[in-house]
Amino acid sequence: MKTPPHIVLVDDDAAHRIIERRALKQAIQGAMLLEFDSANATITALKSPDSKPDIAIIDLNLGSASGLDIVSELRRASNTRELPIILMSTSQLDSDVLASYAVGVNIYIYKSDDPEEFARN
């Protein structure tokens, strides 16, 4: 039996996290979600040697920090260097997309407030 994936979800907007959580739980049966609302908490938790997520889904704009800051830190740490990372944002600016891939994001997706559209993405 395959173990459920461990997914890190990072978004400072509680309403968005509800939509994202619902979409992920619907799309991936049994997914184990570890949620954060800040860059510092995320970096501290994921750099721990005990941290073994399968994937991280990170919002680009986190209020006082950027999702790009988190990605940069995770790419420097030996235990998260290869972690698949999806960056999500309401921004469709080419500069945001290019900056995301430049720091090591695997996938950039447009974040919608519509749960069904989010699940499709």
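Residues are numbered from 1 along each chain as its sequence is written, and side-chain values use heavy atoms, with hydrogens and water left out. Because the model is predicted, local features need pLDDT of at least 70 and side-chain atom pairs count only at pLDDT 80 or more, whereas totals for chains, interfaces and linings use all residues.

The side chain of S66 reaches the backbone nitrogen of L68 at 3.0 Å. This is a polar contact, that is, a pair of N or O atoms within 3.5 Å; within protein, one must be able to donate a hydrogen and the other to accept it, and residues adjacent in sequence count only if both atoms are side-chain atoms. S66 and S38 are separated by 28 residues along the chain, and their C-alpha atoms by 9.3 Å.

Helix α2 (residues 39-46) contains T42. T42 is buried, since its relative accessible area is 0%; buried means under 20% relative accessible area, exposed over 50%, and partly exposed in between (1.4 Å probe, protein chains only). Apart from neighbours within four places in sequence, T42 is in contact with V10, F36 and I70, contact being defined as heavy atoms within 4.5 Å. From C-alpha to C-alpha, T42 lies 22 Å from S91, a residue 49 positions away in sequence.

Two residues of helix α1 (residues 14-27) were examined, H16 and A27. H16 is buried because its relative accessible area is 15%, and its side chain forms a polar contact of 3.1 Å with that of K111. A27, by contrast, has a relative accessible area of 57% and is therefore exposed.

Along the principal axes, the C-alpha atoms fill a box of roughly 40 × 35 × 20 Å. Buried residues account for 40% of the 121 residues. Of the contacts between residues at least 6 apart in sequence, 60% join residues at least 24 apart.

The protein chain exposes about 6,800 Å², of which carbon and sulfur atoms supply 52%; accessible areas come from the Shrake-Rupley method with a 1.4 Å probe, and for residues only the protein chains shown count as cover.

Conventions: Helices (H or I, at least four residues) and strands (E, at least two) are DSSP runs, numbered from the N terminus.
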